[in-house]
Amino acid sequence: MSPFPEEVDVFTGPHWRMKQLVGLYCEKLSKTNFSNNNDFRSFLRSLCATFKEFKMHEQIENEYIIGLLQQRSRTIYNVHSDNKLSEMLSLFEKGLKNVKNEYEQLNYAQQLKERLEAFTQDFLPHMREEEEVFQPMMMEYFTYEELKDIKKKVIAQHSSQRRKDTVELLKGLGLWNQAEELHKAFKYSADEKVDEGFEKDTKSVYISHLPPEVILKVFRYLSPVELCRCSQVCTDWSVLAKTGSLWKHLHPVRWARGPHADTASGCQNLQCGFRACCRSGE
């Protein structure tokens, strides 16, 4: 629990999201089968997206918090260095580009684990320092109303950037027109509350917040190859992408007989069809 009033605490909300991302990549790291090429590449792609969000987060803090604090206090604070994030992104991109076989994947995995562990041990204390050292300084140099305005701008920037990322994903799948009306209901994070007028201005959307039944409706617009690509995004999407009703056109006769007809064979055929589509989409 933050010791500062929520409406003027400029760090805790965005940091909640960053810590959530750290927890997610630590969990994926422990579950990824690095000898499997699809798992290996899927994890690296997710790391690229995560660390780009880290980079965006620090750019926002530099411009809207640390930069203002430096101007007001007339002191230089060397808080954020882009080097570590850029180095990590370079590591992920080299893995995607240069690692070609299982032996190289396993060797790369050892280096990746060490680098991620070192980054995490530095990143979490860095956020704690901002909350415990720089937030009190913000309280000293800025008025209550100024801090409320700074926080609104910080949250708006995060919301805007994440909305752009989601839009690009949906546009890439040709689905933005169908999904556009859904985005008004979603916020930057579950515990971040802003006034109603401000929410209408930001209009943030996060596809990970969509309920499964809505994602299934979106998936119905996809081809088998696109479904297979979506199945590699995360575990939840993998389960949803294998929903039988999405694949009924591959086995219409068996589907017409009902869910209990020749169940074992039907499941086997469905799985074979799914794997074949995934291979064709690689």
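Colleague: What makes you say that H4 bends at phenylalanine 134?

Modeller: The bend at a residue is the angle between axes fitted to the seven residues ending there and the seven starting there. For H4 at phenylalanine 134 that angle is about 35°, and proline 136 follows within four residues. This is a predicted model, in which local features need pLDDT of at least 70 and side-chain atom pairs count only at pLDDT 80 or more, while totals for chains, interfaces and linings use all residues. Residues are numbered from 1 along each chain as its sequence is written, and side-chain values use heavy atoms, with hydrogens and water left out.

Colleague: What is the span of H4, and what is expected?

Modeller: The expected span is 1.5 Å times one less than the number of residues. H4 has 40 residues, and its 55 Å from first C-alpha to last is close to the expected 58 Å. H2 (residues 37–73) has 37 residues and reaches 51 Å, close to the 54 Å expected. H2 bends as well, by about 45° at asparagine 62.

Colleague: Why are these segments called helices?

Modeller: They are called helices because they are DSSP runs of H or I with at least four residues, numbered from the N terminus; strands are runs of E with at least two. By that rule the chain has 12 helices and 0 strands.

Colleague: What makes asparagine 36 a cap of H2?

Modeller: A polar contact is a pair of N or O atoms within 3.5 Å; within protein, one must be able to donate a hydrogen and the other to accept it, and residues adjacent in sequence count only if both atoms are side-chain atoms. At the N-terminal end of H2, a side-chain oxygen of asparagine 36 lies 3.0 Å from the backbone nitrogen of asparagine 38. At the start of H4, a side-chain oxygen of asparagine 101 comes within 3.2 Å of the backbone nitrogen of tyrosine 103.

Colleague: What stands out about the phi of arginine 74?

Modeller: Most residues other than glycine have a negative phi. Arginine 74 is not a glycine, yet its phi is positive, about 55°. Arginine 74 sits in the loop between H2 and H3.

Colleague: Why is arginine 74 called exposed?

Modeller: Buried means under 20% relative accessible area, exposed over 50%, and partly exposed in between (1.4 Å probe, protein chains only). Arginine 74 has 79%, and therefore counts as exposed. Histidine 15, in helix H1, has 0% and is therefore buried. Threonine 50, in H2, is buried too, with 11%.

Colleague: Which residues does histidine 15 contact, leaving aside neighbours within four places in sequence?

Modeller: Contact means heavy atoms within 4.5 Å. With those neighbours left aside, histidine 15 contacts His57, Glu61, Met127, Glu130 and Glu131. Threonine 50 touches Leu21 and Tyr25, again not counting residues up to four places away.

Colleague: What makes a set of residues a nonpolar core?

Modeller: The members must be buried Ala, Val, Leu, Ile, Met, Phe, Trp, Tyr and Cys residues joined through side-chain atoms within 4.5 Å. The largest such core has 27 residues, of which Leu47, Phe51, Phe54, Phe92, Leu112 and Leu116 touch the most other members. Two or more of its residues come from each of helix H1 (12–31), H2, helix H3 (83–98) and helix H4 (102–141). A second, separate core of 17 residues includes Tyr77, Phe134, Phe142 and Leu147.
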